Amino acid sequence: MSILIYAESAEGKLKKVAFELASYAKKIAETLGTTVTALTINASDTSELAKYGVDKVLQVNQDKLSSFNAKAYTDVIQQAAEKENAPVVVLSSTTDSLYLSPLVAVALEAGYASNVVGLPVSTAPFQVKRNAFSNKAFQITEITTAVKVIGLAKNSYGVFENPASTTQEDFNPTIDATDFGIKVVSVEKVSGKVSIADADIVVSAGRGLKGPENWGMIEELATVLGAATACSKPVSDLGWRPHGEHVGQTGKPVATNLYIAIGISGAIQHIAGINSSKIKVVINTDPEAPFFKVADYGIVGDAFEVVPQLIEKLKAFKAQHA
Amino acid sequence: MKILVCISHVPDTTSKINFVESNSQFDTNGVQYVINPNDEFGLTRAIWFQEKQGATVTVVNVGGPETEPTLRKALAIGANQAIRVNATPTDGFFVAKQLAHVIQTGEYDLVIAGKESLDYNGGMVPGMLAGILGYNFLNSCTELTIEATAVTAVREIDGGKETVTTSLPLIIGGQKGLVEEKDLRIPNMRGIMTARTKPLTVVEAVDTPTTTKAISFDKPAPKSAVKLIAADNLDELINLLHNEAKVL
């Protein structure tokens, strides 16, 4: 018996969320008196998982799995879970894992709780706390099946080192040819930029920026911070920024360590999309902007004056702390 | 082409979220209900197929009689018929089981569900449907074109998008992008009048074991007030982010 995590990778490299899952699963494994197994698919170097308490790595290397394929990946996770006799399977909240988790739950006849924000509040019965109502509330959910599938919300637990002596094992699951009903034709990724999904810091701007021509300073601020850029809904509706950057209830949810909102008044739908972020900084000329009610730090000021100065100050800070 | 659009009946996005009965039930008092926004994008895309390519559109919801105004709104927008599975939706698996039964009975070619609902945010139902039925499944779908049974679609991925091809029958978890927000349909008077005469069938639920249950709810602790920093004192902001919040 072992807790199974699906340790996601991109282009052969493990994603940071894999280490958060490992840290989280280790804690559950300690409570249940068991071990942690990480499943990787076409990851070239899995050694770093040892740092975060993984006891065993099941490595799958198959060319036909080089593109993400939900059905085939589900088969792999199901077979790994059965091989490890896993009572708990943990996936993250990346776009791919959100795609996989319900399929995995059905395949394992397991109850599934998504958006889980912490360790189980109880393991017998098995109860977890999850986000609901667009982060305006939490729900305690009990999973009543023998096998449990957990979708851990990003940045909700953190990454903790807990070195283990890890064994590596090649794993060769059987994959059904009928799984390939969906064929990838092309993939377009924004290169050279931090994506919102991978970012620890997001710099977001709204209509207060007055026009798309003023986004240069937002991008420069993001570059200094190693952050992704985002925007409010009106900005993407106006076509100033791509839809992929729209954050909010019908856009992308953001759960970062730091969210900086510039010239965004803070509509309820926008706040719902960013509420899981740990620290929120708001820069706005209007002291009555609703965003100040949810912010940790606020500056009442003109973005066109504040942001260029902030860039210079942060450059100096980074140089000092390099 | 027979299209089924799964409709969640959810509180309007600006609703106050409160709980009653020792925090075990959502307080529906004064709450306005709407078609789940992700489902609304899918419904409008389905109506587009109906108008341009000759599809029939059925909308379905798992819920009590109180959800019928939401189904009637979907009919007013242009769906041909509606089905209500008469049951209280307890969890994602329960809903998926009910919908899977409707799909098998009705032999739909395309099933569109929103990638998640804005109440319990499970993001479970479309994937579970695909798992139960074994159909082709595409989540976070932002573009969808269909020629005969050949499908080309785009799905969102972390940091970009992916174009895929597949075939019917297909289940999608849809979102904004299937149509743009400006193209969403608002029921007009003729639509509202016609909706009254369109069939709304009520079917009973099939027996399904539960896999999860909601125990209780709570709300985040009240936030402490924002710390305001003078616009000419950005060193202080950096200091707080570094030493107090520890995010720099």
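In this predicted model, A:Gln269 sits partly exposed, with a relative accessible area of 29%. That residue belongs to helix 6 of chain A, which covers residues 268-274. Setting aside residues up to four places away in sequence, A:Gln269 touches A:Gly248 and A:Gln249 in its own chain, plus B:Thr13 and B:Thr14 from chain B. Next along comes A:His270, also placed in helix 6 of chain A.

On the chain A side, 80 residues are in contact with 73 residues of chain B. The area buried between them comes to about 6,600 Å², and carbon and sulfur atoms supply 60% of that. Within chain A, A:Tyr99, A:Phe133 and A:Tyr297 lose the most area to chain B, together accounting for 12% of what that side buries. As for polar contacts, 33 residue pairs between chain A and chain B qualify, both partners being at pLDDT 80 or more. Helix 3 of chain A, residues 95-107, gives the most to the side that touches chain B, with eight residues. By residue type, that side of chain A splits into 37 nonpolar, 27 polar and 16 charged.

Salt bridges also cross this interface, and the rule finds seven of them. One of the pairs is A:Lys15 with B:Asp158, whose closest N and O atoms are 4.0 Å apart. Another is A:Lys252 with B:Glu156, at 3.7 Å between the closest N and O atoms. A:Lys252 lies in the loop between helix 5 and strand 16 of chain A, while B:Glu156 lies in strand 10 of chain B, so this pair joins two chains. Both partners are buried: A:Lys252 has 16% relative accessibility, and B:Glu156 also has 16%.

Over all chains, the count of salt bridges comes to 26. Inside chain A, A:Glu169 forms one with A:Lys56, the closest N and O atoms being 3.5 Å apart. That pair links distant parts of the chain, with A:Glu169 in strand 12 and A:Lys56 in strand 5, 113 residues apart. A:Glu169 itself is partly exposed, at 26% relative accessibility. The side chain of A:Glu169 also meets that of A:Lys83 in a salt bridge, at 2.8 Å from N to O. Since A:Lys83 lies in helix 2 of chain A and A:Glu169 in strand 12, the pair ties together parts that are 86 residues apart in sequence. A:Lys83 counts as partly exposed, at 40%. Along with A:Glu84, these residues form a network of salt bridges: A:Lys56, A:Lys83, A:Glu84 and A:Glu169 are linked.

Turning to chain B, helix 2 (residues 68-77) has B:Thr70, B:Leu71, B:Ala74, B:Leu75, B:Ala76 and B:Ile77 buried. Just after this helix, B:Gly78 takes a positive phi of about 140°.

Technical notes: Residues are numbered from 1 along each chain as its sequence is written. Chains are lettered from A and ligands numbered from 1 in the order in which they are written. This is a predicted model: local features need pLDDT of at least 70, side-chain atom pairs count only at pLDDT 80 or more; totals for chains, interfaces and linings use all residues. Side-chain values use heavy atoms; hydrogens and water are left out. Helices (H or I, at least four residues) and strands (E, at least two) are DSSP runs, numbered from the N terminus. Buried means under 20% relative accessible area, exposed over 50%, partly exposed in between (1.4 Å probe, protein chains only). Contact means heavy atoms within 4.5 Å. Buried area is the accessible area (1.4 Å probe) that two parts lose on being put together, summed over both. A polar contact is a pair of N or O atoms within 3.5 Å; within protein, one must be able to donate a hydrogen and the other to accept it, and residues adjacent in sequence count only if both atoms are side-chain atoms. Ala, Val, Leu, Ile, Met, Phe, Trp, Tyr, Cys and Pro count as nonpolar, Asp, Glu, Lys and Arg as charged, and the others, Gly among them, as polar.
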